[in-house]
Amino acid sequence: MNDIVPPKQVKVEYETDTPVLYRVEDATAWITMNRPAFNNAQNSQMTYALDAAFRRAVDDDAVKVIVLAGSGKHFSAGHDIGTPGRDLHKSFDRTHLLPDHTNKPGAELLYTREQEVYLGMCRRWRDISKPTIAMVQGACIAGGLMLAWVCDFIVASDDAFFQDPVQMMGIPGVEYFAHAFELPPRIAKEFILLGERMPVARAHQLGMVNRVVVRAELEAEVKKIAANLTAKGRLGLWLTKQAVNHVEELRGKRSAMDAVFHMHHFAHAQSDLTQGNSLGGMDAKSMAAANKKRAGEA
Ligand code: ZN
């Protein structure tokens, strides 16, 4: 009989107390993921800190624009599936009216947790009343895509690349299923089924990225966009982003995401049942090794 509850990690060791940095400059809040030693892998410590930072930026009337950045070489390697700070089995004060996940049996554990920290939080952030800009350098992988996609703008450096490799875990894409909205359907299939890296030039060509600049000019380019926006009226900015978001809703974004979220969890549950592991037997090491092998073959 397989153990369908993911194995508990006995000890969580956080390498920092500040997984997210926050500063305000020129009416712009800079929210920076700060786990550079782990390529900004997102544990719950970080996602709750991100949520608190977004709340702070929304509450501050002096902030008109929000930038989401990642410190170090890469924007984000995705969800934390293997650092010492992986805190899957830790309880936090929820931001939604959802129960604690840690004592739930079987598939209910991940289903409850991912409603809160992935689908729920990403939707909250996407609907923030102020324009948001993702500043992306290096890797933007899996859960990293979710953070870039919730922003209104994506500005990237010429070394950036995008990838959703979770098909290797038997999963049809990350929890916030915006793939087929961010990319044309046939490209979305290619992106997930092959799991290959999409270079920033192609992402730009397909309309997933607004602007591409050399790494040294990335921050200046983001500041240029922020300066344009901060000169405009608060309500007009909010209404404008809502207008476009509403068109996406009319195209079925929310209901598509709800449907695929359940496919995602069917896949997690199937892996639990057949392999005793909700990630299809993969962890950070084996994912990286498979990626390397594929890059060598290409
Ligand atoms: Zn998941």
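**Getting to know this structure**

Me: Which helix gives the most to the lining of the second largest pocket?
Reply: A pocket here is an open set of points on a 1 Å grid over the protein atoms alone, with protein on both sides within 12 Å along at least five of seven lines, and lining residues have an atom within 4 Å of a point. Helix 3 (143-149), strand 6, helix 4 and helix 8 (234-250) each supply at least two lining residues; helices (H or I, at least four residues) and strands (E, at least two) are DSSP runs, numbered from the N terminus. The top contributor, with seven residues, is helix 8.

Me: What kind of model is this?
Reply: Residues are numbered from 1 along each chain as its sequence is written, and side-chain values use heavy atoms, without hydrogens or water. Local features need pLDDT of at least 70 and side-chain atom pairs count only at pLDDT 80 or more, while totals for chains, interfaces and linings use all residues, since this is a predicted model.

Me: What is the volume of that second largest pocket?
Reply: The lining has 24 residues, and those closest to the centre are Cys 151, Asp 152, Phe 153, Val 244 and Asn 245. A volume is the space filled by probe spheres set on the grid points, which are joined across faces, edges and corners. For this pocket that gives about 590 Å³.

Me: How much space lies in the largest cavity?
Reply: A cavity is a set of points where a 1.4 Å probe fits but cannot get out, and the whole structure has two of 30 Å³ or more. Tyr 48, Arg 94, His 101, Arg 113 and Glu 116 lie nearest the centre of the largest cavity, among its 13 lining residues. Helix 1 (44-59) and helix 2 (107-126) each give two or more lining residues. The space inside is about 80 Å³.

Me: How many residues apart are Glu 175 and His 264?
Reply: Glu 175 sits in the loop between strand 7 (161-163) and helix 4 (179-182), whereas His 264 belongs to helix 9 (residues 253-275). Buried means under 20% relative accessible area, exposed over 50%, partly exposed in between (1.4 Å probe, protein chains only); Glu 175 is buried at 6%, and His 264 is buried at 3%.

Me: Which side chain does the side chain of Asp 159 make a polar contact with?
Reply: Asp 159 is in the loop between strand 6 (153-157) and strand 7, and is partly exposed because its relative accessibility is 35%. A polar contact is a pair of N or O atoms within 3.5 Å; within protein, one must be able to donate a hydrogen and the other to accept it, and residues adjacent in sequence count only if both atoms are side-chain atoms. The side chain of Asp 159 also reaches the backbone nitrogen of Gly 138 at 3.4 Å. The side-chain partner, at 2.4 Å, is Arg 215.

Me: Which residues touch the most other members of the largest nonpolar core?
Reply: In soluble globular proteins, nonpolar side chains tend to be buried together. A nonpolar core is a set of buried Ala, Val, Leu, Ile, Met, Phe, Trp, Tyr and Cys residues joined through side-chain atoms within 4.5 Å. Of the 65 residues in the largest one, those touching the most other members are Leu 50, Val 136 and Phe 162.

Me: What phi does Asn 40 have?
Reply: Most residues other than glycine have a negative phi. Asn 40 lies in the loop between strand 2 and helix 1, and counts as buried because its relative accessibility is 0%. Although Asn 40 is not a glycine, its phi is positive, about 55 degrees.
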